[in-house]
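Let's take a walk through a few loop residues. Have the viewer open and follow along.

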Amino acid sequence: MVDDGSGEVEVWRVQDFDLVAVDKVKNEQLSYIFLAGKLGINNYLIYFWLGAKSSADEQGTAALKAVEKDDELGGAAVQIRVVQNKEPPHFMSMFDGKMVVFSGGKAGWSGGNNNDGPGDKYMLQVRGMSKLNSKAVQVELRAASLNSNDVFVIFTKTAVYIWAGKGCTGDEREMAKLVASRSPRQATMVFEGQEKDDFWKVLGGKEEYAHDKRLAAEDSTHPPRLFQLSNASGKFTCVAIPDFVQSDLVVEDVMLLDAWDTIYVWIGNEANKQEKDEATRVAIEYLKTDPSGRDEDTPILKIKQGFEPPSFTGFFGVWDRELWSVSHFYLKSLLS
């Protein structure tokens with residue numbers, strides 16, 4: 001990295017085709033953040049962060065304003081486009097392990113007409129092993145959002161809970177404690193399988209959630225792998241997607257998720273007939289040609305976009321049921 005991320009930082013929020021300066025201490029609500037990090041006397045980095053559900057207008061404004069800021073600096077800056085869920089280590093380091101992404105538009109707790117904030121009760125899903133890759137994302141406050149592979153922090157007016165799934169690591173629990181420290185209340189650690197009634201009451205009662213046995217395995221010699229199946233180039237291709245998240249599922253194509261003991265064939269709503277017809281054949285061929293000597297009778301499950309079971313969604317970390325609808329994200333950082 002160019003530095004440890006602790007240098008001077010200025011932040012703006014994209015709003016109404018313009019930039020609004022954000023006070024890093026008093027007003028921490030950001031909409032698709034725009035960061036300028038000073039690296040020396042005449043050297044700068046300009047990041048423009050695009051929320052997963054930011055509009056085309058907002059993304060275009062962020063890119064345009066990045067150019068304008070660069071011009072103000074005499075062209076001395078490096079412009080870096082950052083998409084939600086694909087943040088580089090240096091960008092993450094500026095948040096010191098406390099990066100939080102809320103659902104909603106420009107919102108917050110600083111008064112005024114901002115009424116789209118997280119409210120008095122909300123839940124964050126925490127993923128990451130260090131301050132260079134740790135991030136918390138708001139998920140729906142309900143038991144169905146839990147995932148045995150991760151850690152969750154639940155905030156209420158009177159209590160803070162840290163729920164640790166059986167498959168989470170000690171490092172992830174430490175990162176969750178950092179996120180929980182934004183509240184003055186002492187967090188209560190809750191381990192999966194040892195929940196008390198007051199915990200379930202906060203979530204509105206017990207529900208089925210992603211708790212596949214593979215998700216509860218802290219270490220696996222067979223990590224899940226995702227492949228994109230497409231004929232957009234004129235021939236049928238199968239391309240591996242590293243470090244995948246839900247947004248890597250391409251609605252115009254068919255995806256193959258190898259969970260070792262199960263093969264999932266995910267059908268995007270806009271996939272064409274040939275891609276759908278070829279998907280199962282490719283999955284079978286994939287099993288037959290795997291050099292690890294896979295059981296050719298490994299189950300192959302075909303699922304459609306919008307009807308994903310918890311056993312599938314659990315492999316993608318934060319799963320947003322509204323990802324393919326029109327909404328907004330805003331980013332909250334604790335840079336103080």
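Asp 243 sits in the loop that links β14 (237–241) to β15 (254–258); helices here are DSSP runs of H or I with at least four residues, strands are runs of E with at least two, and both are numbered from the N terminus. At 70% relative accessibility, Asp 243 counts as exposed, given that exposed means over 50% relative accessible area, buried under 20%, and partly exposed in between, with a 1.4 Å probe and protein chains only. Its phi is near 45°, a positive value in a residue other than glycine.

A quick word on the source: this is a predicted model, where local features need pLDDT of at least 70 and side-chain atom pairs count only at pLDDT 80 or more, while totals for chains, interfaces and linings use all residues. Residues are numbered from 1 along each chain as its sequence is written, and side-chain values use heavy atoms, leaving out hydrogens and water.

Next up is Asn 85, in the loop between β6 (77–83) and α2 (89–93). Asn 85 also has a positive phi without being glycine, near 80°. How accessible is Asn 85? With 27% relative accessibility, Asn 85 is partly exposed.

Now hop over to Thr 298, found in the loop between α5 (273–289) and β17 (300–304). Thr 298 is buried, because its relative accessible area is 10%. What does Thr 298 touch? Leaving aside residues up to four places away in sequence, Thr 298 touches Trp 260, Asp 261, Thr 262, Ile 263 and Leu 287, where contact means heavy atoms within 4.5 Å. The side chain of Thr 298 also reaches the backbone oxygen of Asp 295 at 2.7 Å.

Methods: A polar contact is a pair of N or O atoms within 3.5 Å; within protein, one must be able to donate a hydrogen and the other to accept it, and residues adjacent in sequence count only if both atoms are side-chain atoms.
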